[in-house]
Amino acid sequence: MSHASRTAPRICPLCEATCGLTLTIEGTTVTGARGDRDDIFSRGFICPKGASFGGLDADPDRLRVPLVRGEGGELREASWDEAFDRIAARIPALIEAHGPQAVGVVLGNPNVHTMAGSLYPPLLLAALRTRNVFTASTLDQMPKHVSSGLLFGDANAIPVPDLDRTDHLLLIGANPLESNGSLCTAPDFPGRLRALRRRGGTLTVIDPRRTRTARLADRHVAIRPGADALLLAAMAHVLLEEKLTDPGVLAEHLEGADELAVALADFTPDAVAAACDVDAATITALARELAAAPTAAVYGRIGSCTVEHGTLASWLVDVLNILTGNLDRPGGVLFPLSATARAPREATPGKAFAPGKGFALGRWASRVSGHPEAKGELPTAALAEEIETPGEGRIRALVVLAANPVLSAPDGDRLDAALAGHLDFMVSVDPYLNETSRHADVVLPPPPPSQSAHFDFAFNSFAVHNQVRYTPAPVPLEDGRMDESEIHARLILAVSGMHGAPPSAVDDLAIATAITKAGAPKELADELTGRSGPERRLDLMLRLGPYGLTLERLLAHSHGIDLGPLKPRVPEILRTRSGRVELLPAPIAADLPRLRRALGDRPAPLVLVGRRHLRSNNSWMHNVGSLSGGSNVCTLQVHPDDAARLGLVDGATVRIESAGGGIEAPAEITDTVRSGVVSLPHGWGHSRPGTRMAVAAAHPGANVNQLLDGTLLDPLSGTAVLNAIPVTVTPSP
């Protein structure tokens with residue numbers, strides 16, 4: 001039986017760029033994907049991940065029905081009712097017996113790529129009342145949240161570079177030609193960088209590797225890994241010492257400028273040069289060029305976050321933007337205003353905005369090692385010890401939502417053993433039986449992306465241009481599948497003692513709560529449109545948002561609505577207790593002596609850094625055949641000089657060892673990595689038994705995080721140190 005071919009728009013959910021796709025569909029099968037030329041944001045751009053949408057969507061290894069663990073310990077297929085019955089029987093009983101801290105929750109980054117993953121986890125956490133929350137943020141971006149919280153009083157107020165209007169862009173620890181951008185939602189990041197160059201702008205890249213992004217740059221500085229905060233501090237010192245600072249209109253909203261100059265006095269270019277392996281003249285030139293540019297933006301990402309001084313580096317990125325007058329300035333860095341954000345505050349006529357509550361760290365601590373919370377989360381690196389260490393408050397049950405910490409967190413072997421031998425019960429919401437979900441007692445699989453509607457709640461808050469887009473599910477839900485929003489809603493009901501209530505009750509409660517919190521009339525709930533709970537909630541957020549939109553209007557614009565370029569928003573975004581940008585917050589000042597001590601550190605002979613692949617997104621895309629092979633391989637990149645010194649041969653297996661253990665990988669000898677540095681990508685290690693990911697298992701690679709024991713963290717954010725790790729490399733016997 002033949003099916004007529006049709007096309008449908010779909011926002012790509014496979015990375016932060018959120019490109020618009022045009023899917024070709026035959027019956028209920030996606031047979032092709034191309035860039036949507038009419039999309040108001042991406043204008044037809046597509047990357048290999050988006051082009052492989054159909055392959056990921058139809059992956060035969062995706063689970064289609066729930067799995068539950070039988071009496072013999074095996075996972076077997078089950079009905080949805082049986083799966084939720086099992087959860088309702090176990091988790092509330094564990095909470096009753098041991099308290100809410102007996103349950104831990106792990107959130108992976110795929111959650112922010114789906115509507116359900118964005119809307120329902122906060123309700124789940126409220127229902128469980130646990131403080132044992134672990135997310136991918138402490139393996140990635142938490143330093144930026146913490147520094148923004150301390151500077152601006154709001155951990156989610158993260159300024160992004162105004163890519164389309166800036167004259168000078170400085171990237172540190174970022175490789176957007178491979179990652180497509182992170183905490184900076186920008187379809188066709190490569191095209192935007194080339195446009196910067198065409199209009200006469202300058203691109204500077206600071207990275208120990210000569211990445212694809214670095215090759216595009218006017219200036220590439222091959223810094224020693226882990227020294228990002230030192231170099232940025234020295235640049236700030238130059239600006240202050242040479243009186244090159246000019247905050248402009250932002251000056252009246254700043255606090256702590258004088259104290260900042262004193263705090264950074266020791267970080268001269270000469271003092272940091274040896275530790276950074278960047279000469280003082282280059283550091284001085286970087287600062288002067290930044291100050292001289294008509295407009296400029298400094299942008300740092302994962303390479304500068306997942307290091308020992310990640311929060312300080314993230315803070316200094318914005319210190320440089322502030323000192324040069326580029327924060328909250330067109331062509332500099334600005335705060336996006338998404339269509340579902342809170343409506344902007346309005347100051348009382350003749351008065352300033354009221355101060356906020358500020359941002360606090362360490363409101364509670366982890367049970368075993370006493371790690372302070374950050375943004376309501378504990379370090380994911382501490383998850384294993386919280387499960388395996390006896391005592392009151394031990395995690396006995398785990399709810400894992402779209403996360404694979406056995407591969408993504410340090411010391412996966414330890415966590416693997418903890419999941420296998422120390423939990424009473426575990427639930428995973430995951431499309432795959434992977435290295436983590438294979439330990440679950442219940443696995444709840446969401447449908448493939450073609451059968452799900454899409455709206456980007458998180459990424460629109462980091463977009464380089466204000467816009468709004470929504471795509472309904474292009475393919476109807478397959479028989480036997482359950483919509484991801486219903487899975488989450490029923491999970492919330494099962495753990496909260498409301499098992500059996502209709503899933504719509506969760507959405508109705510969320511809507512009523514949001515209306516009350518906004519001070520809107522209760523009758524607004526009756527005006528909402530939408531065919532599902534998530535659509536009704538989206539309609540409410542649009543109506544209460546800053547643009548006064550509705551779902552009906554959004555549906556009438558299938559390629560999106562342009563809401564205009566980013567605009568200055570200070571002081572409206574400030575939530576600090578002072579009502580000002582606090583340049584030198586107390587936790588930052590208290591951590592600077594640790595950075596000062598790093599001036600005297602002697603670098604290890606060989607350190608390891610990660611790297612991104614354009615055709616991958618952490619571990620969850622390694623099972624797509626069309627994306628495997630080519631450049632998407634797990635090799636250890638080694639500079640030719642280091643290879644000669646160590647006796648390494650290109651393509652031969654080498655042994656990599658560090659404090660946490662040892663792994664093996666093929667050597668790739670290349671001068672794209674500087675001497676003294678080796679590079680291995682993240683998300684590999686698909687060799688454990690009991691998974692059902694055939695493509696990934698055929699190309700398992702090595703788990704770089706097995707080199708880490710999880711003890712080394714950025715103290716302010718609890719983020720695992722994943723880069724600048726001392727290693728030894730030897731030929732494999």
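Student: Which residue follows helix α12, and what is its phi?
Tutor: Helix α12 is followed by Asp277, whose phi is positive, near 55°. Most residues other than glycine have a negative phi, and most peptide bonds are trans. The model is a predicted one, in which local features need pLDDT of at least 70 and side-chain atom pairs count only at pLDDT 80 or more, while totals for chains, interfaces and linings use all residues. Residues are numbered from 1 along each chain as its sequence is written, and side-chain values use heavy atoms, with hydrogens and water left out.

Student: What makes α12 a helix, and which of its residues are buried?
Tutor: Helices are DSSP runs of H or I with at least four residues, strands are runs of E with at least two, and both are numbered from the N terminus; α12 covers residues 269–276. Its buried residues (under 20% relative accessible area, with exposed over 50% and partly exposed in between, for a 1.4 Å probe and protein chains only) are Pro269, Val272, Ala273, Ala275 and Cys276. The cover over these residues includes α10 (228–241) and α13 (280–292).

Student: How do you know whether Leu183 is buried or exposed?
Tutor: The relative accessibility of Leu183 is 4%, so this residue counts as buried.

Student: What makes the peptide bond between Val570 and Pro571 cis?
Tutor: Omega of this bond is about 15°, and the bond is cis. Pro571 is located in the loop between β19 (561–564) and β20 (581–582).

Student: Why is the pair of Phe152 and Phe335 called edge-to-face?
Tutor: The pair is one of four aromatic pairs found in a search of the whole structure. The ring centres of Phe152 and Phe335 are 5.2 Å apart and the planes stand at 90°, so the pair is edge-to-face. For rings of Phe, Tyr and Trp (its six-membered ring), the centres must lie within 6.5 Å; planes under 30 degrees apart are stacked, over 60 edge-to-face and the rest tilted. Phe152 is in helix α6 (residues 142–152), whereas Phe335 is in the loop between β14 (333–334) and α16 (383–388), so that distant parts of the chain, 183 residues apart, are linked. Both residues are buried.

Student: How do you know that an arginine lies over the face of Tyr120?
Tutor: Arg537 is at 5.0 Å from the ring centre of Tyr120; the criterion is that NZ of Lys or CZ of Arg be within 6 Å of the ring centre and within 35 degrees of the ring normal. Arg62 likewise lies over the face of Tyr432, at 6.0 Å from the ring centre.

Student: Why are α20 and α22 called roughly parallel?
Tutor: Helix α20 (residues 504–518) and helix α22 (residues 533–544) pack at about 10°, with axes 9 Å apart. The angle makes α20 roughly parallel to α22: under 35 degrees is roughly parallel, over 145 roughly antiparallel, 65 to 115 roughly perpendicular and the rest oblique. Axes are lines fitted to C-alpha atoms, for helices over the stretch in contact, and angles run from 0 to 180 degrees between N-to-C directions.

Student: Which residues of α22 meet α20?
Tutor: Gly533, Pro534, Arg536, Arg537, Leu540 and Leu544 of α22 meet residues of α20, including Asp507, Ile511 and Ala518; contact means heavy atoms within 4.5 Å.

Student: Why is Ser304 called buried?
Tutor: Its relative accessibility is 2%, so Ser304 counts as buried. Ser304 belongs to helix α14 (residues 302–305). Neighbours within four places in sequence aside, Ser304 is in contact with Ile172, Gly173, Asp228, Gly310 and Ala313.

Student: What makes Ala127 and Arg34 partly exposed?
Tutor: Ala127, in helix α5 (residues 121–128), has a relative accessible area of 25% and is therefore partly exposed. Arg34, in strand β3 (residues 29–35), has 46% relative accessibility and therefore also counts as partly exposed. Not counting residues up to four places away in sequence, Ala127 touches Ile492, Val495 and Ser496.
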